[in-house]
Amino acid sequence: MTPYKLPQFAETSFNCPICNAFAAQTWSQIYFKISGGITTIDSSYISRCSHCRDYSFWVDEKLIFPSLSTAPLANVDLPEEIKKDYEEAREILNKSPRGAAALLRLCVQKLCGKLGESGKDINKDIGSLVEKGLPIRVQQSLDIVRVIGNEAVHPGQIDLKDDIETATKLFQLINIIVDAMITQPKEIDKMFNSLPENKLDGIKNRDTPK
């Protein structure tokens, strides 16, 4: 999965807030023409995406247009009922990163439920998933969510220390978990089931206890 890079002032490449593609960005200061010359507007800049060729506007080093979320898009395999919370978190990220982080912890709680756990205690859910053979990288991703979320804060609750950087990591981790636990197994099943029938029968007979 391609890493997501949050749009940041003066960076030469990041995920475009308009087309979401990771692309090179060119920067120019905003100016206007008046009789007798050109005047720059202090602390006002535009960045242009090399992929979609569209412009974003920045004032005092902050993105002011577009008002679209700078959060990563949801993995297409994220279950729909969880995706609603994820998309709401994307919509409010810039205005309320603490609210977004609270919704994302709720997403992780629901995701554990989708993976066959209680969805009530992320620490117990992680332990149970490990016993069932949870890949170490996914275990680490879940533990990161638990730790950076402050273990004293329950899913759906606000942590006053949450900021945009913390919330963005939670978006990324949810997509990593979905990719490992849902997308990859689905793709492997699809490829396996596309094998010739006689080959599938041979594998079945090989694996059947004698």
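Helices α1 and α2 run roughly antiparallel to each other, a label for angles over 145 degrees, while under 35 counts as roughly parallel, 65 to 115 as roughly perpendicular and the rest as oblique. The model is predicted: local features need pLDDT of at least 70, side-chain atom pairs count only at pLDDT 80 or more, and totals for chains, interfaces and linings use all residues. Residues are numbered from 1 along each chain as its sequence is written, and side-chain values use heavy atoms, leaving out hydrogens and water.

**Confidence**
- The protein chain has a mean pLDDT of 83, on a scale of predictor's confidence in each residue from 0 to 100.
- In this chain, 91% of residues reach 70 or more.
- Confidence is highest in strand β4 (residues 55-59), at a mean of 94, and lowest in helix α6 (residues 197-207), at 76.
- Helices (H or I, at least four residues) and strands (E, at least two) are DSSP runs, numbered from the N terminus.

**Helices α1 and α2**
- Helix α1 (residues 80-92) packs on helix α2 (residues 97-114) at about 165 degrees, with the axes 8 Å apart.
- Axes are lines fitted to C-alpha atoms, for helices over the stretch in contact, and angles run from 0 to 180 degrees between N-to-C directions.
- The crossing of α1 and α2 is left-handed: the near helix is turned anticlockwise from the far one by less than a right angle, whereas clockwise would be right-handed.
- In the contact (heavy atoms within 4.5 Å), α1 residues including I82, Y86 and I92 meet α2 residues including L103, L106 and K110.
- By class, this contact of α1 with α2 has 11 nonpolar, one polar and five charged residues.
- Nonpolar covers Ala, Val, Leu, Ile, Met, Phe, Trp, Tyr, Cys and Pro; charged covers Asp, Glu, Lys and Arg; the others, Gly among them, are polar.

**Helices α2 and α5**
- The axes of α2 and helix α5 (residues 164-193) come within 8 Å and cross at roughly 20 degrees.
- The two helices, α2 and α5, are therefore roughly parallel.
- Their crossing, α2 with α5, is left-handed.
- Among the residues in contact are L104, V108 and L111 of α2 and F171, I174 and I182 of α5.
- By class, the contact of α2 with α5 has 15 nonpolar, no polar and one charged residues.

**Salt bridges**
- The whole structure holds seven salt bridges, each a side-chain nitrogen of Lys or Arg within 4 Å of a carboxyl oxygen of Asp or Glu.
- One of them joins K83 and E80, with the closest N and O atoms 3.5 Å apart.
- Both K83 and E80 lie in α1, three residues apart, about one turn of the helix.

**Backbone**
- F65 and P66 are joined by a cis peptide bond, with omega about 10 degrees.
- P66 sits in the loop between β5 (62-65) and α1.
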